[in-house]
Amino acid sequence: MHMGDALISPVVGGTMLVAAVLVAAVSIRKVRDMDEKKIPLMGVMAAFIFAAQMINFTIPGTGSSGHLGGGLMLSILLGPYAGYLSMAVVLLIQALFFADGGLLAYGANLINMGFFACFIAYPFIYKFITRKGISKTRLFIGSIVASVIGLQFGAFSVVIETLLSGKTVLPFSQFAWTMQGIHLAIGIVEGIVTAAVVSFVWKVRPDIIQDNLTNDNKRLGYKSVIIGFIVATLLLGGIVSIFASTNPDGLEWAIGKVTGLDKPQGDTSVHDILKEAQENTAVLPGYSFKMSGNIVKSDSTGSETIGTVVSGIVGSAITVSVIVLIGYFINLLKKRKRISKENEQVNGNTSKKTKLS
Amino acid sequence: MSDIMRSMFNVKHLDELSRQKNLINDMHPLAKLIITLVYICTLASFDRYEISGLLPFVLYPMIVIMVCDIPFGNLIKRVLIVEPFIIVAGILNPIFDKNIIEIGGFAFSSGWLTFVSLILKSTLMVTAGFLLIATTGIDDIARALSLMRIPSIFVLLFLLTYRYIFVLMDEAGRLLKAYALRAPDQKGVKIKVWGSMVGQLLIRTYNRAQTIYQSMILKGYNGKYSITIGRGFKLLDAAYFVAWVSFIVVARAINIPLLIAALI
């Protein structure tokens, strides 16, 4: 589920980051209002998710093993706002130390794995199923349904973000079906695992879970978060579409798929200028591509393309050699420095010796 | 079990690299953070067929690795661990991208260009992310975050989580060792036992959090966390920052390999 930076475009990544930050801002305000006592608990619980992820369990009958995701568990233990913030920290550390999810994709990951678990799955499904009090069955059903639905939202969001970014060419329906299918299975496992832990804690230390429930019931303010999120998405969606129309990249492909056209037809002067610029700068300009199976045969464009490609390869080789050369020089400098340092040390030692004698 | 120890070691190792004394490690953390973000965003802004334009970007990680003495093999191993998903997402491109291009008599799917471009981009981006931690360290990143006006609650949470990851992993490691001694030759923990095992860990964690909170109160915690801002932004930091950002902007605006070829 973690999206890397290579598959996301700056516009999509930036948009999701703004949305994620807005939700985090609301959550921080709520947590600050509630009680600061929770902050060490939040930090340690986020660390707990890491430790729990290290304990793999065997999935019966398959021989494979899986681990916990954590979004739903954090919101059950801490409430949605604190849960979302803890998830934000978990994802930031995963991105920085494990490259599990990129930095540009951080906002997207936080929305996909934090927002849907904490503000959709937890309040509307888990809380709804367990509204008449906790029992083992309700806990299991609630966790499984909530994590399945949360992950389905998240997986669909990944599909949409990937397609809008246009960094890879995957047909929408196949990609979506695969993602939803895989995450249905993951959701069921995640739900069972979450319920297993929560039901154990509920049996042994009911106060931990009860505490949070009573805290939650005092303040049911999800509405503001959800409305804020929707407004932010719509607003930013508008900005994205403006960007996307001047930079036809992912959308171009998506529209092409839908309408069956090779490229969306733009007839503004901006389009012409951009097209010209693109053709001038691209190594393999757009006109050398023809749809499905038609090899470019026109001599003039063909030789032109080959010319560009050859110069591209030559230029690339030179660039790489220059970079390697720079590396070589840095190495040389470092070696020299080391040698001079060693010499100094040796000189120092000898001078000491002469002094002593 | 050994997995836990290994990942703990790996995380610590990256952070510890930042304590070495060298030119880049001594730069202001804010400069390094923003350079990394600009670098990643710029790479992400390239078209999916771009290859030659990406090559000049190798310069940044290479210089940082060389100047900071980052163990190259270790870094590559970490980058490779992340790569499989990108390979899966990329390898489908030659299949689905039905455009055919012809270069010097060879005809192939343009999806291969996308594939190579994706792998190149992802490798550079992931490396840049690791290099940020390896040259800056967690405390300085927290400092940079608070300089960027990220609320102190979040920064505190970030630092607390990082600190307790090791404590709890250690605890999880002991639990697993006890389990492994009684149930040898198992791949993971049986799902029946898993719930109560992790639940135990959770309860211990909860108790620990209470203790931590009490000791924080005793030391005068009042809901706020003040981070020492450290040294100011010097001229050298500004020069470092401007140099890299202008390099990135130029490399994005001009396809340097093509320019070189044109000059020849």
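**Figure 1. A salt bridge within chain A, between Arg205(A) and Asp207(A).** With a relative accessibility of 21%, Arg205(A) counts as partly exposed, a class that lies between buried (under 20% relative accessible area) and exposed (over 50%), as judged with a 1.4 Å probe and the protein chains only. Asp207(A), at 34%, is partly exposed as well, and the closest N and O atoms of the pair are 3.1 Å apart. A salt bridge here is a side-chain nitrogen of Lys or Arg within 4 Å of a carboxyl oxygen of Asp or Glu, and the structure holds eight of them over all chains. The model is predicted, so that local features need pLDDT of at least 70 and side-chain atom pairs count only at pLDDT 80 or more, while totals for chains, interfaces and linings use all residues. Residues are numbered from 1 along each chain as its sequence is written, chains are lettered from A and ligands numbered from 1 in the order in which they are written, and side-chain values use heavy atoms, with hydrogens and water left out.

**Figure 2. Helices α2 and α4 of chain A, with their spans and their cover.** Helices (H or I, at least four residues) and strands (E, at least two) are DSSP runs, numbered from the N terminus, and chain A has twelve helices and two strands. Helix α2(A), residues 38-54, has 17 residues that should span 24 Å at 1.5 Å a residue, and its end C-alpha atoms are 25 Å apart, which agrees; the expected span is 1.5 Å times one less than the number of residues. Helix α4(A), residues 80-98, reaches 25 Å from its first C-alpha to its last, close to the 27 Å expected for its 19 residues, and 18 of the 19 are buried. Just after α4(A), Ala99(A) takes a positive phi of about 55°.

**Figure 3. The interface between chain B and chain A.** The two chains bury about 8700 Å² between them, 78% of it on carbon and sulfur atoms, where buried area is the accessible area (1.4 Å probe) that two parts lose on being put together, summed over both. Arg48(B), Trp194(B) and Tyr206(B) supply 9% of the area that chain B buries against chain A, more than any other three residues. The contact, which means heavy atoms within 4.5 Å, takes 105 residues from chain B and 94 residues from chain A. One salt bridge is counted between the chains, and Lys334(A) forms a salt bridge with Asp69(B), the closest N and O atoms being 2.9 Å apart.

Figure 4. Because they are four residues apart in helix α7 (residues 152-182) of chain B, Arg174(B) and Asp170(B) are separated by about one helical turn. Arg174(B) is exposed at 52% relative accessibility, whereas Asp170(B) is partly exposed at 33%. Salt bridges that share partners also join Glu171(B), Arg204(B) and Arg208(B) into one network.
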